[in-house]
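Biologist: I am new to this structure. Could you show me how to read its features, one by one?

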Amino acid sequence: MRRIVRFDEQPPRLCCSGEEDMATQGARRGALARALKVRDDLVVDLSELVFADPSLMLDLAMVALRLRQRGVRLLLRGAQPQIHRLIEIVGLHRQPGVAFA
């Protein structure tokens, strides 16, 4: 399965698809770095993500923290049930500046 995290500038959006884990962490760094520069709320589209481990959630938490320092929110959208559960287990949705869209 193809693994990818892609950043789209207009509107600001991270698209996560396939399977994401520690082995793919390096491949998502570029997209995450670009996402850190947004000025508007960042949507994280999880609708095509079928598997993730906590490393992706921790990366998203880091992005959320840095965006929150500038008053920008991270909005989680389209998580499949297993991804939604991981978000809850890790507690990403409880971080200030993070919300389900």
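Biologist: Which residue in strand 3 does Glu 19 stand opposite?

Modeller: This is a predicted model. In it, Glu 19 faces Phe 51, a residue of strand 3. Strand 2 and strand 3 run parallel, joined by 7 bridges.

Biologist: In what sense do strand 1 and strand 2 pair?

Modeller: Their pairing is antiparallel, over 5 bridges. Val 5, for example, has Cys 16 of strand 2 opposite. The two strands make a hairpin, and 4 residues lie between them.

Biologist: Now the helix. Which residues of helix 1 are buried?

Modeller: The general idea comes before the case. An α-helix has 3.6 residues a turn, so residues three or four places apart point the same way. In helix 1, which spans residues 25–35, the buried ones are Gln 25, Arg 28, Ala 31, Leu 32 and Ala 35. Viewed down the axis of helix 1, these buried residues fall within an arc of 115°, so they line one face of the helix. Gly 26 and Ala 27, on the other side of helix 1, are exposed.

Biologist: What do the buried residues of helix 1 pack against?

Modeller: They pack against strand 1 (4–8), strand 2 (13–20), strand 3 (42–52) and helix 2 (54–68).

Biologist: Which unit do strand 2, helix 1 and strand 3 make?

Modeller: Together they make a β-α-β unit, and the unit is right-handed.

Notes:
Residues numbered from 1 in each chain as written. Predicted model: local features only at pLDDT ≥ 70, side-chain atom pairs only at ≥ 80, totals over all residues. Heavy atoms only, no water. Buried < 20%, exposed > 50% of the residue type's maximum accessible area, 1.4 Å probe, protein only. Arc of directions from axis to C-beta. Contact = heavy atoms within 4.5 Å. Pairing = 2+ DSSP bridges. Right-handed = clockwise from strand over helix to strand, strands pointing away.
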